[in-house]
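Reader: Hey, I've just opened this one and I'm a bit lost. Can you walk me through it?

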Amino acid sequence: MKFGWVYVSGDSWEERKEIVKDALESSIPAVFVPREDIERVRELGNIKVVSKDLDADIVVIEKGEDLEILRKAKELGKETGIYIPIEGKEDEEYALEVSKYPFLDYIIVEGRDWTVIPLENLIAALADSNVKIVA
């Protein structure tokens with residue numbers, strides 16, 4: 001099975017819909033969409049929906065938002081993730097800390113300061129963890 005998510009962007013649903021269709025045709029297992037597109041995506045086909053909403057299959061919050069949202073999502077049987085822009089060592093340390101929570105399935109990282117080599121450090125540190133890294 002392929003693992004990957006497509007971040008769906010665009011100004012209109014018509015633009016975003018084409019990206020979702022491409023993901024479906026490519027057998028990509030999940031798309032990250034705005035809240036308002038969750039049901040529209042489900043109408044297009046069988047693909048996991050990632051969004052910042054409890055109606056999504058994979059519920060994601062951003063660093064600094066309330067972690068209780070993820071706990072609630074997990075209680076509802078959802079997969080969960082947290083988006084963390086890596087701008088320095090403290091963000092890398094935060095990612096490692098939250099990865100210990102039993103209600104977290106994914107950490108989504110975006111490297112902004114690659115002088116710290118955060119992705120390699122996170123991969124090594126989380127090798128025996130159940131948390132998956134999405135980069």
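Reader: Okay, which strand does Ile86 lie in?

Author: Ile86 is part of strand β5. Bear in mind that what you have here is a predicted model.

Reader: Is Ile86 buried or exposed?

Author: Ile86 has a relative accessibility of 1%. Buried means under 20%, so Ile86 counts as buried.

Reader: Let's talk cores. How many residues has the largest nonpolar core?

Author: That core has 16 residues. Leu70, Ile82, Ile84, Val98, Leu104 and Ile107 are the ones with the most contacts inside it.

Reader: Which elements give two or more residues to this core?

Author: The list is β4 (58–62), α3 (68–75), β5 (79–86), α4 (89–98) and β6 (106–111). The largest share comes from β5, with three residues.

Reader: What other core lies apart from the largest one?

Author: There is another core of eleven residues, and Val8, Trp13, Ile47 and Val49 are among them.

Reader: Switching to helices. Which residues of α4 are buried?

Author: In α4, the buried residues are Asp91, Glu92, Ala95 and Val98.

Reader: Where do they fall, seen down the axis of α4?

Author: They fall within an arc of 135°, so the buried residues of α4 line one face of the helix.

Reader: How do the axes of α4 and α5 cross?

Author: The two axes come within 10 Å and cross at roughly 25°. That angle makes α4 roughly parallel to α5. As for handedness, the crossing of α4 and α5 is right-handed.

Reader: Which residues make the contact?

Author: From α4 you have Lys89, Glu92, Ala95 and Leu96, and from α5 you have Pro118, Asn121, Leu122 and Ala125.

Reader: What about Asn121, how exposed is that?

Author: Asn121, which sits in helix α5, is partly exposed, with a relative accessible area of 29%. C-alpha to C-alpha, Asn121 and Glu92 are 8.2 Å apart in space, and they are 29 residues apart in sequence.

Reader: New topic: Arg16. Buried or exposed?

Author: Arg16, in helix α1, counts as buried at 7% relative accessibility.

Reader: What is Arg16 in contact with, leaving aside neighbours within four places in sequence?

Author: Val8, Ser9, Gly10 and Asp11 are in contact with Arg16, and so are Pro34, Glu36, Asp37 and Arg40. Arg16 and Val41 are 25 residues apart along the chain, and their C-alpha atoms are separated by 9.5 Å.

Methods: Residues are numbered from 1 along each chain as its sequence is written. This is a predicted model: local features need pLDDT of at least 70, side-chain atom pairs count only at pLDDT 80 or more; totals for chains, interfaces and linings use all residues. Side-chain values use heavy atoms; hydrogens and water are left out. A nonpolar core is a set of buried Ala, Val, Leu, Ile, Met, Phe, Trp, Tyr and Cys residues joined through side-chain atoms within 4.5 Å. Buried means under 20% relative accessible area, exposed over 50%, partly exposed in between (1.4 Å probe, protein chains only). Helices (H or I, at least four residues) and strands (E, at least two) are DSSP runs, numbered from the N terminus. The arc is that of the directions from the helix axis to the C-beta atoms. Axes are lines fitted to C-alpha atoms, for helices over the stretch in contact, and angles run from 0 to 180 degrees between N-to-C directions. Angles under 35 degrees count as roughly parallel, over 145 as roughly antiparallel, 65 to 115 as roughly perpendicular and the rest as oblique. A crossing is left-handed if the near helix is turned anticlockwise from the far one by less than a right angle, and right-handed if clockwise. Contact means heavy atoms within 4.5 Å.
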